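Trainee: Please walk me through this one. Keep it quick.

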Amino acid sequence: LLQSEAMHSAAQCMNEQATSPFQPAKMEHRTLLSLAFLLAQVLLIAFAEDLECIPGFQQKILYIEQPPEFAEDQLITNVQFDDCQGNEKLFFEVSNPDFKVEPDGSVVALKNVTEAGRALFIHARSAYANDMAEVKIIGGKKRHNSLKDIMKLSGNIGLLRQKRAILASPILISENQRPPFPKVVGKVLTSDRPDGSKFRLTGKGVDQDPKGIFRINENTGEVLVTRTLDREAAADYHLQVETTDASGKTIEGPVVLDVIIIDQNDNRPIFKEGPYVGQVWEGSPTGTTVMNMKAFDADDPTTDNAVLRYNILKQTPDTPSPNMFYIDPEKGDIVTVVSPTLLDRETLENPQYELTIEAKDMTGSEVGLTGTATATIIVVDKNDHPPEFTKKEFQATVKEGVTGVIVNLTVEDQDDPTTGAWKAVYTIINGNPGQSFEIHTNPQTNEGMLSVVKPLDYEISAFKTLLIKVENADPLVPDVAYGPSSTATVQITVEDVNEGPVFHPQPMTVSKPEDIPVGSAVFTVGATDTDTLQHQSIRYSVHKDPANWLTVNTANGTVYTTTHLDRESPFVHNNTYTAEFLAIDDGSPPATGTGTLLITLEDINDNVPFIYPMLAQICEESRNVNVVTVGASDKDLHPNAEPFKFELSKQAGSDKVWKVSTINSTHAHVTLLQNLKKANYNVPILVTDSGKPPLTNSTELKVQVCSCKKGKMDCSSADAPHISMAFLFLLSFFSLLCL
């Protein structure tokens, strides 16, 4: 700055002289510049004599380029330190133990070093001053952008520039170091350390699990590692360092000391996500992506140790080309590299390929570690082959009246049998107006199973012709169509069989009174033979007659009664009696038809009514009380049943003991008119139905007269019927005669 100001003043002076009328006109410009420079030097020396000396490094930051290797005893750079008192008792400390500073300021390597990090920190101390300098190393390995990126510690860089008594620069250690241990891996520096003070190191890896990995020389500040390190187990350690007095009390700190583990290529790539299976459509264009292979490398992802490259080592089978596929070395994408015509599933030796894939780290260099996996690629079928019948015409024979499969239609299809491109779907497109036929696909053989679902009749048609087409369950690809071979004709011959006669109508119905005389004609059943081309006679027989009431004329089918009919029979349901008859032709062998006759029986008044209940109980000393309410029933139907008429039959004596009063058409009250002693009494009741002529039934109602005390009825002594005194006298008289 002083030199610049001096030169500026000299130049201004010369300009004034050049414009003065007393200046020689022929003074050269070069001479003026020389004079100005000399004047500036004189002024600089004059000002410099007045400047004070500033203790410390004359240059705080220096820059060097990263060589391939720092050779042992090689001069790296020079630092200049001046305490302005003659540098008495001057010594230097370097943050990296692999380097030292000579007394003259020469920075040299103590051994061959390939990586020293991004900076060296130098601490200088003399009897009168101490200071810090930083040597920045430019052009290190490209895998790291900066020291800050390596350490992930932007804050620590700022700490290095602060006025601190403790300087703990980051330590870089390679993993997998070999014994002997412990080894010095770094050094903590202090610019102002009292006598008797000690260094103390704490944190995970020292006094916390995992314990004992690092320790510090409490006197020199050297940091040591005690065992082999694995970056994949721990990529860094964040420790704390401080200085203490003899009693252990902290003097300065704690300051963060970061230990960064430098990765070595000690992990092979691993394919974790297997099995790897991909599919590609047959006929796919060249360059079609099939699948992606991705391997994992546990090494540092910011280094080449984990940068992978992929390669196909082997392809099985190797036909029709040994290079059917290609893998992108960086992305791991597997793509097709053959023409679509070669990728034809029907012409391939095997539609499944096995690829041995290799992943190599170190960007695929020769020194890289490798890992392999198998990729399975399946060439998936497209429906590019329509199904074709094995012949144009099929023959089938079926007997009339029979259902079921009559013929299997065979087809050929070159597509994959496990897909819908192979599965056949059959359709009857002509010759089936009555829907007598159906066709279904056999899932195992792919054949078309043609069935008769409605019995055929030889007398109507002895021959049938069907037109059938076959298609696939999946649609064909656009450039393929179904051809003539996808349709076929089926010629069906219907064979005549002796069919059984058929009753008309079916069932047959008739209504008859239940009291028709025995031997009466009930109905004439009739059946016809469907074999119109044959001349056969028919005979009839009884097939089912649950009550054995009927017989049939075998020649003309007339049905007669053999006994009385009874509508109230348990064989009659809902007034209808059901019987079955057979019509048998004289064919060879004979054929039989079955007909049902439903006889509705008309009711007549042939059943007397009856009353219920038949027993009643009453307390003695009762009079003018309702004994019981009786009801009447009749097996016949209305009008041969209710309304019923209730009345008493003759009663002994002039005084009436009982009374019957009608309530409605089916019920009546029985009333006791006078007191009766404890005994059993029979009350004769007449009940008459409404039939024409009406029927009457005399029924005795048993009434027990019981003793009733305290709400309890005792009928035990009333079980015997009431006997008069006259009867007892006669019984005694006859007993004496027998003596």
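**Loops, strands, rings and sulfurs**

Mentor: Pro517 is found in the loop between strand 36 and strand 37 (521–524). Helices (H or I, at least four residues) and strands (E, at least two) are DSSP runs, numbered from the N terminus. This is a predicted model: local features need pLDDT of at least 70, side-chain atom pairs count only at pLDDT 80 or more, and totals for chains, interfaces and linings use all residues. Residues are numbered from 1 along each chain as its sequence is written, and side-chain values use heavy atoms, leaving out hydrogens and water.

Trainee: Is Pro517 buried or exposed?

Mentor: Pro517 counts as exposed, with 55% relative accessibility. Buried means under 20% relative accessible area, exposed over 50%, and partly exposed in between (1.4 Å probe, protein chains only).

Trainee: How many residues apart along the chain are Pro517 and Thr563?

Mentor: They are 46 residues apart along the chain, with 8.0 Å between their C-alpha atoms.

Trainee: Back to strand 36. In which sense does strand 36 pair with strand 43?

Mentor: Parallel: strand 36 (residues 508–513) and strand 43 (residues 592–602) share 6 bridges. Two strands pair if DSSP finds at least two bridges between them. Within this pairing, Ser511 has Thr600 of strand 43 as its bridge partner.

Trainee: How many bridges join strand 42 to strand 43?

Mentor: There are 9, and strand 42 (residues 576–585) runs antiparallel to strand 43. A hairpin through 6 residues joins the two strands. Ala583 faces Gly593 in strand 43 across the pairing.

Trainee: New topic. What is the order in the open sheet of 3 strands?

Mentor: The order is 12-16-15, and the pairing is antiparallel. Strand 12 (183–187) and strand 15 (214–216) stand at the edges with a single partner strand each, so one side of each has no neighbour in the sheet. On average, neighbouring strands of this sheet are turned by 30 degrees against each other, direction ignored. Axes here are lines fitted to C-alpha atoms, for helices over the stretch in contact, and angles run from 0 to 180 degrees between N-to-C directions.

Trainee: How many bridges join strand 12 to strand 16?

Mentor: 4 bridges, with strand 16 (residues 222–225) running antiparallel to strand 12. Lys187 stands opposite Glu222 in strand 16.

Trainee: Now rings. How many aromatic pairs does the count come to?

Mentor: 11 aromatic pairs. Rings of Phe, Tyr and Trp (its six-membered ring) pair if their centres lie within 6.5 Å; planes under 30 degrees apart count as stacked, over 60 as edge-to-face and the rest as tilted. Phe214 and Tyr237 form an edge-to-face pair, 5.1 Å centre to centre, with 70 degrees between the planes. Phe214 lies in strand 15 and Tyr237 in strand 17 (residues 236–244), so the pair ties together parts 23 residues apart in sequence.

Trainee: Are Phe214 and Tyr237 buried or exposed?

Mentor: Both Phe214 and Tyr237 are buried. Phe389 and Phe394 have ring centres 6.1 Å apart and planes at 65 degrees, so that pair is edge-to-face. Phe389 and Phe394 are buried too. Phe57, Phe81 and Phe92 form one aromatic cluster.

Trainee: Which ring has the charged end of Lys272 over it?

Mentor: The ring of Phe296, with the charged end 3.9 Å from its centre. A charge sits over a ring if NZ of Lys or CZ of Arg is within 6 Å of the ring centre and within 35 degrees of the ring normal. Lys183 lies over the face of Phe181, 5.4 Å from the ring centre.

Trainee: Last one. How many disulfides does the count come to?

Mentor: The count is 3 disulfides, a disulfide being a pair of cysteine sulfur atoms within 2.5 Å. Cys53 and Cys84 form a disulfide with their sulfur atoms 1.8 Å apart. That link is left-handed, at -80 degrees about the S-S bond. Cys619 and Cys708 also form a disulfide, with sulfurs 1.8 Å apart. Its S-S torsion is about -90 degrees, so the disulfide is left-handed. Cys619 lies in strand 45 (residues 615–619) and Cys708 in strand 51 (residues 696–709), so the pair ties together parts 89 residues apart in sequence.

Trainee: And which cysteine is joined to Cys706?

Mentor: Cys715, at 1.7 Å S to S. The link of Cys706 and Cys715 is right-handed, with 100 degrees about the S-S bond. Cys706 is buried at 0% relative accessibility, and Cys715 is buried at 12%.
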